[in-house]
Amino acid sequence: MVFGLDNIKSVLSEDAESHLSDGYKLIDVREEHEWNAGHHSSAEHIPMATIPEKLDTFEENEKYIIICRSGNRSGKVTNYLNSQSIQAFNLTGGMREFSQYSENIVDSTGKKGTVI
């Protein structure tokens, strides 16, 4: 499988919470230690390396926002999912930027999280 960055659809960090309220699903593709330190409370954790084997968890009629630390890994995953007929959008700026707009960042214990 090849992850590319062709014509990526994206969502701005400042607009992400409203998209989540509209029913978009947030998928965090970072590594476990990054997730444990801080993630959005409504996100689902699917590390980038496992995306191909988890394709059956994505539904064609759903919309997904894909997030990582800075937007690079999530951009690659977004491109891959779009090539598989999944409606995916890269969250520009990743968790580093999104954490400035969201108060819903928690660690693995549910306390206020940090982005590493």
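**Overall fold and local features of the predicted chain**

The chain has 4 helices and 7 strands, where helices (H or I, at least four residues) and strands (E, at least two) are DSSP runs numbered from the N terminus. This is a predicted model, so to speak of local features a pLDDT of at least 70 is needed, side-chain atom pairs count only at pLDDT 80 or more, and totals for chains, interfaces and linings use all residues. Residues are numbered from 1 along each chain as its sequence is written, and side-chain values use heavy atoms, with hydrogens and water left out.

Read along the sequence, the pattern is β-α-β-α-β-β-β-α-β-α-β. The radius of gyration is 13 Å, close to the 13 Å that the globule rule gives for 116 residues, so the chain is as compact as a globular protein of that length; the radius is taken over C-alpha atoms, and the rule is 2.2 Å times the number of residues to the power 0.38. The C-alpha trace spans about 35 × 25 × 20 Å along its principal axes. As for burial, 42% of the 116 residues count as buried, with buried meaning under 20% relative accessible area, exposed over 50% and partly exposed in between (1.4 Å probe, protein chains only). Contacts (heavy atoms within 4.5 Å) reach well along the sequence: among those between residues at least 6 apart, 67% join residues at least 24 apart.

Next comes the sheet. Five strands make up an open sheet in the order E1-E6-E5-E2-E4, with parallel pairing; two strands pair if DSSP finds at least two bridges between them. Strand E1 (10-11) and strand E4 (44-45) are the edge strands, each pairing on one side only. In general, strands of a sheet pair through backbone hydrogen bonds, either parallel or antiparallel. E1 is joined to strand E6 (residues 87-91) by 2 bridges, the two running parallel, and Ser10 has Asn90 of E6 as its bridge partner. Helix H3 (residues 72-83) lies across strand E5 (63-67) and E6, and runs at about 170° to E6. For such angles, axes are lines fitted to C-alpha atoms, for helices over the stretch in contact, and the angles run from 0 to 180 degrees between N-to-C directions.

On to the aromatic rings. Rings of Phe, Tyr and Trp (its six-membered ring) pair if their centres lie within 6.5 Å, and planes under 30 degrees apart count as stacked, over 60 as edge-to-face and the rest as tilted. By this rule there are 2 aromatic pairs. Tyr24 and Phe89 make a tilted pair, 5.7 Å from centre to centre with 50° between the planes. This pair links distant parts of the chain: Tyr24 sits in the loop between helix H1 (16-21) and strand E2 (25-28), while Phe89 is in strand E6, 65 residues apart. Tyr24 and Phe89 are both buried. The other pair is Phe58 with Tyr64, whose ring centres lie 4.9 Å apart with the planes at 75°, so this one is edge-to-face. Phe58 and Tyr64 are buried as well.

His40 belongs to strand E3 (residues 39-40) and is buried, at a relative accessible area of 4%. Leaving aside residues up to four places away in sequence, His40 touches Glu17, Leu20, Leu26, Met95, Phe98, Ser102, Asn104 and Ile105. The side chains of His40 and Ser42 are joined by a polar contact of 2.9 Å; the term covers a pair of N or O atoms within 3.5 Å where, within protein, one must be able to donate a hydrogen and the other to accept it, and residues adjacent in sequence count only if both atoms are side-chain atoms.

Asn36, by contrast, is found in helix H2 (residues 32-37) and counts as partly exposed at 28% relative accessibility. Asn36 touches Asp107 and Ser108, again not counting residues up to four places away in sequence. The C-alpha atoms of Asn36 and Ile65, 29 residues apart along the chain, are separated by 19 Å.

Then there is Ser85, in the loop between H3 and E6. Most residues other than glycine have a negative phi. Ser85 is not a glycine, yet has a positive phi of about 70°. At 48% relative accessibility, Ser85 is partly exposed.
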